[in-house]
Amino acid sequence: MAAPISEILADLPSRFRGPGGAVAVLKDGEVVGQQVWGYADLHRRISMAADTLMPICSITKQMLCGLLTDLERNPTPAMTARGGDPAKQFSDQLGQLLSPELLKDTGLTIRHLCNNQSGIRDYWALTVLWGAKPEGRFSVADHGPLMLERLKSFHFEPGTEYSYANTNYFAIARCIEKVTGQPLAELLSQRIFEPAGMETARLCANTAEHPPPGVGYEGDENFGFYPGVNNIEWAGDAGIVASLTDMVNYERYVNRSRDDSQTWYGSNSQQQKYKDGTPADYGFGLARRKVGGIVTVGHGGALRGYRLFRSYAPDPRISVVALLNQEHGDASGVCDHILKKMMGVPEAQNAVVTPGPEWIGTYLDSDTGLSITVSQGTPGELLVKYHRKPDKFRVVDAYKALSDEMSATLDGDSLVLHVPQDNRTVHAKRVANAKPASDYAELQGAYRCAEIDSVFHCSGSGDMLYGMFDGFLGRGPVHMMRSIGQDLWALACPRAMDSTPPGDWTVIVRRDGNGSVAGVTIGCWLARRLEFTKQQ
């Protein structure tokens, strides 16, 4: 049975504890409930409010793609005067922006970027390999061009798979600015915010200059909350600040535009496809997923100290927006909880099935060069770490398990992970549990990846190794490494410039014909298979 919206919202502060939050629920484009609680600034005792501006981070992506679509249909006077197809103007500019290696006979299009199907590695993950410190500075103008010129290959063929990459939207934004000759902030205001009635929303690229009084917090109740420090600039992949009131007006725009293909949202919200014709769950900065069997279209956002999410369920015409000023806040969980309660989705009552003991261990996907770990969860549950954090899988028989978005089967030492969102099936092999050697001195030294211009240093003794990176962003911090198999290591990266950070990087040791260490292959789920050669 559906619960009253007032009852659902009243429970949020105690269910999703933290410094503060702002949530709104709309039905048929009209607000049916709103809850604002806690503090925008704990130190100054300033309460959270519906007009408190917060960075909406990656929710920006759908608005950027909306801007691109609108400009293709309604070009600026400068674009019209230039002549030619507006879409081709953007495509031609992309050809001048990216390195030749990414464009020559690859079939890469600007649509691949819009749909996260480009195969280009994520630049925020790569900042770790370029020597960035988590609280360091990244400038769109100073560092952006240096970043783009170092991207020279893909981690899959464009159009064949999905992989989240902020690089895609950084490039789209720069193309828009170059083709129109106008600042991105001005275009977003004129073509996105004003039509949607987002009166206080604006582009604030510098995360160190977010408008007061909002403060984003790291930490938790056990260790205390403290302001998160951010010094990066982003404009395109993120950068918009907006209030709950702004987002309510945006949801009204979404609801009234959804069936009108002449609007950018009506067009962009249509399901996209992969090169092979398979329907894609992501397109134009909008992610499709099911919540309690209900199809939703939306996106999340994250920055150190903030977690945001907006979700629109087209069939019941319900929008939910959650803005939280805490690093460990579960904004998507807030939206999912509200939608399921409103729709009367019953809590799943699943039989507890005991998994076979062989599941537990580490596996290596030779295609991506990434490790996958499987551990025991609660009874009847397995934790599979394929992306950054472990996904919860419900065991349905001894050697098959399901999550909300994936399925896993085990056949001896072969783990098969079907990931529809990525349009791929992972075939991974178990890695033998190697007894740690008394000394890993042969791994110590410097390794260079010429492609991205990065140097990896490995040091330490026994099986306690450390890794660190140098690049155009400086000399990065030291990361701890742990052995997870024969010639296989995990390099921990729980904090980085962007949040969510990469998590563990997989480090695969490569040996020559004599058995000596020749190099390492380093990758994470956002940036795979980068080859580093050991320096003499």
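R529 sits in strand β32, which covers residues 527–534. In this predicted model, the phi angle of R529 is near 50 degrees, a positive value in a residue that is not glycine. As for solvent, R529 comes out as partly exposed, at 33% relative accessibility. D28 has a positive phi too, about 55 degrees, and again the residue is not a glycine. Here the setting is a loop, the one between β1 (20–27) and β2 (30–41). D28 counts as partly exposed because its relative accessible area of 42% falls between the 20% limit for buried and the 50% limit for exposed.

The peptide bond running from P212 to P213 is cis, and its omega is near 10 degrees. P213 belongs to the loop that joins β5 (202–203) to β6 (217–220).

On the annotation side, the UniProt record, an unreviewed entry, assigns residues 17–332 to the feature "domain: Beta-lactamase-related".

Now for a helix pair. Helix α3 (residues 60–73) packs against helix α9 (residues 166–180), with axes that come within 10 Å and cross at roughly 35 degrees. The crossing of α3 and α9 is left-handed. On the α3 side, the contact is built from K61, L64, C65, L67, L68 and L71. Facing them from α9 are N166, Y169, I172, A173, I176 and T180. Sorted by type, the residues of this contact come to 9 nonpolar, 2 polar and 1 charged.

Aromatic rings also get together in this model, with 15 aromatic pairs found across the whole structure. One of them joins Y164 to Y282 in an edge-to-face arrangement, with the ring centres 6.4 Å apart and 85 degrees between the planes. This pair brings together distant parts of the chain, its two residues being 118 residues apart. Y164 lies in the loop between α8 (140–149) and α9, while Y282 is in strand β11 (residues 282–283). Both Y164 and Y282 are buried. Elsewhere in the list of ring pairs, Y123, W124, F138, F170 and W234 are linked into a cluster.

Terms used:
Residues numbered from 1 in each chain as written. Predicted model: local features only at pLDDT ≥ 70, side-chain atom pairs only at ≥ 80, totals over all residues. Heavy atoms only, no water. UniProt positions renumbered as here; feature names shortened; annotations may be inferred. Axes fitted to C-alpha atoms, helices over the stretch in contact; angles between N-to-C directions. Helix = DSSP H or I, 4+ residues; strand = E, 2+ residues; numbered from the N terminus. Left-handed = near helix turned anticlockwise from the far one by under 90°. Contact = heavy atoms within 4.5 Å. Nonpolar A, V, L, I, M, F, W, Y, C, P; charged D, E, K, R; others polar. Phe/Tyr/Trp six-rings, centres within 6.5 Å; stacked < 30°, edge-to-face > 60°. Buried < 20%, exposed > 50% of the residue type's maximum accessible area, 1.4 Å probe, protein only.
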